[in-house]
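Let's take a friendly walk through a protein structure, one region at a time. Keep the 3D view open as you read.

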Amino acid sequence: GPPVLQIIKESQQQHGLRHGDYQRYRGYCSRRLRRLRKTLGFKMGNRHKFTGKKVTVEMVSDSRYLLLVLMEAERAWSYAMQLKQEANTEPRKRFHLLSRLRKAAKRSEELERLCESPKVDAKTKLEAQAYTAYLAGMLWFELQEWKSAMEAFNKCKTIYEKLASAFTEEQAVLYYQRVEEISPNIRYCAYNIGDQNAMNDLMQMRLSAGGGGGMIAEKLEALITQTRAKQAATMSEVEWRGRTVPVKIDKVRIFLLGLADNEAAIAQAASEETKERLYETLLAECRDSIQAVREEIKADSKQRERAMDTDTGKVSNLQYLHSYLTYIKLWTVVRRNESMAQALHAKLKEPQPDESRRGPRPQDLIRLYDLILQSLAELSGLQGLEEDNSFQKEVALKTLVYKAYRCFFIAQSYVLVKKWSEALVLYERVLKYAGETLNLPPPFLQDLPDVQELISEVNAEKYSLQAAAILDTGDAAETPSPSQVRETKPLCERLDTFRLDPALVGKQPNLVQFPPDFQPIPCKPLFFDLALNHVAFPPLDDKVEQKGKGGLTGYIKGIFGFGS
């Protein structure tokens, strides 16, 4: 029999599902069905009349008949997945989606029935059973029959695990991939049945997915969002900086409910790629929540007219909620940029094995700290927090710490170009900023970079800088040899002089000057006849013929030439 899972996976990867294009895969299944029917002579009537035919057990001697039923199931399944994507904006398409899934499950049951024939080997029988269980589980999952869906998925998982253990590692990869695909669905069904630990399992699955995306990561995100939506029904308010604000927008409830889980996942991330992906996911959800609050504020005209309560001087609940979400977004941006800066700083300290490749430079970190300071400046201007002295003091302290780090890397960039005096002044500025933060109690320095470590590093860099400046002064007094002087003339103009110029074997050798300079050339002479106006020509009256009045006789003479 045909290798069911291998055929499905290869077809899906080559015809659209690598990018989630179910419509393209559906079209491929239709074309392949047409080719199979034409090859087998298994046509459903003619162009005038439809005559339905079914594949029977007697036909199974040719494995292409099994492939015919498999492609019909795949076509119905891909159409259902396409409708699922479109149902986000058009809910009515969900009814058609369920119809297609029922058809796919029916075709898979027919495939399993045909594979019970003794002509089919045991491997194909097991794969057909697993495929039927998978499509049945997808149908029950969409119908929200969690117990039936979980039983079907567990059956599918068990069969694929047994198949994987019976073959070599190379052949077992496909089976393990399918098990990974259905594991989030199993945990989500368990959560809906009543298992409270299932949500934590989903978060761990998303964390172990790493920096890659793909269908599994998208499915995990969708399942986690659905789980939070169920939990968000019980959430009605949030407290921030001593003020309780009601939360009535569902999207904001879901985001705030998953905020602690997202931050915990970021803290447990094993690699920088995973951490960066989680930060981007958190920021995207936060932006969507902020947009939802903005639309709510605009929709409420009364809220827009009295954005400030004239009696208490406090901003409205919606505006305060907007400030809270903006604070989360800006502080997340600060933490993400700080994480990237720390990773770059660690790479900056490492020796670069390949000098031809461009490594990290201090200028890259300066840009990151500029963005951090910009976010902190926006934090201090949040509406509703202008009079909060504790908040303003906290933001000012964070600004001092990040200014110190920014000055440090500016000084590092000056060291690279041997501007010793400018670098020394900036190091002193770093010590000044850092010294102002040391006088504050430890709780204020929480969640901030270590200032004491920065002071130690600056003191060490100052001594290194002074030594380098002294050595550089001594080197400047020495006159370099003529063979080591960098020549700016092109090679064609100094062929008689030997110079060690490494640039000649580099990517941009200075061989000739191009474009060449303009050279003077003789201009084409212009002649002006200035004497013509002063020349007196001789009279020509005697040469000019005097015309007389000859009348008719003269005219006749002129015709016959008598007058010439």
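This is a predicted model: local features need pLDDT of at least 70, side-chain atom pairs count only at pLDDT 80 or more; totals for chains, interfaces and linings use all residues.

Start with Gly-16, which sits in the loop between helix 1 (4-14) and helix 2 (22-40). Is Gly-16 buried or exposed? With a relative accessible area of 3%, Gly-16 is buried, because buried means under 20%. Not counting residues up to four places away in sequence, Gly-16 touches Asp-21 and Arg-24.

Next, look for Tyr-28 in helix 2. Tyr-28 has a relative accessible area of 9%, so this residue is buried too. Which residues does Tyr-28 touch, once those up to four places away in sequence are set aside? They are Ser-11, His-15 and Arg-35. Tyr-28 and His-15 lie 13 residues apart along the chain, and 6.9 Å separates their C-alpha atoms.

## Helix 7 and its kink

Helix 7 covers residues 169-193, which makes 25 residues. From its first C-alpha to its last, helix 7 reaches 35 Å, close to the 36 Å expected at 1.5 Å a residue. Where does helix 7 have a kink? Look at Ile-182, shortly before the proline Pro-184: the kink there is about 30°. Just after helix 7 comes Gly-194, with a positive phi of about 145°.

## Helix 15 from end to end

Helix 15 runs over residues 389-416 and has 28 residues. The distance from its first C-alpha to its last is 41 Å, close to the 40 Å expected at 1.5 Å a residue.

Both ends of helix 15 are worth a look. At the start, Asp-388 has a side-chain oxygen that reaches to within 3.3 Å of the backbone nitrogen of Ser-390. Just after the helix, Lys-418 takes a positive phi of about 60°.

## Nonpolar cores

The largest nonpolar core has 68 residues. The members that touch the most other members are Leu-256, Leu-321, Leu-325, Ile-328, Leu-376 and Tyr-402. Several elements give two or more residues to this core, including strand 1 (237-240), helix 10 (250-268), helix 11 (272-299) and helix 14 (362-380). Which element gives the most? Helix 15 does, with 12 residues.

To see some of the packing, select Leu-376. Leaving aside its neighbours within four places in sequence, Leu-376 is in contact with Trp-331, Val-334, Val-395, Lys-398, Thr-399 and Tyr-402. There is also a second, separate core of 64 residues, and Tyr-28 from helix 2 is among its members.

## A glutamine in helix 13

Gln-319 is found in helix 13 (residues 317-349). Why does Gln-319 count as buried? Its relative accessibility is 14%, and buried means under 20%. Leaving aside neighbours within four places in sequence, Gln-319 is in contact with Ile-297 and Gln-383.

How many disulfides does a search of the whole structure find? The number is zero. Two cysteines to look at are Cys-189 and Cys-286. Cys-189 has 0% relative accessibility, so Cys-189 counts as buried. Cys-286 is buried as well, with a relative accessible area of 1%.

Methods. Residues are numbered from 1 along each chain as its sequence is written. Side-chain values use heavy atoms; hydrogens and water are left out. Helices (H or I, at least four residues) and strands (E, at least two) are DSSP runs, numbered from the N terminus. Buried means under 20% relative accessible area, exposed over 50%, partly exposed in between (1.4 Å probe, protein chains only). Contact means heavy atoms within 4.5 Å. The expected span of a helix is 1.5 Å times one less than its number of residues. A polar contact is a pair of N or O atoms within 3.5 Å; within protein, one must be able to donate a hydrogen and the other to accept it, and residues adjacent in sequence count only if both atoms are side-chain atoms. A disulfide is a pair of cysteine sulfur atoms within 2.5 Å. The bend at a residue is the angle between axes fitted to the seven residues ending there and the seven starting there. A nonpolar core is a set of buried Ala, Val, Leu, Ile, Met, Phe, Trp, Tyr and Cys residues joined through side-chain atoms within 4.5 Å.
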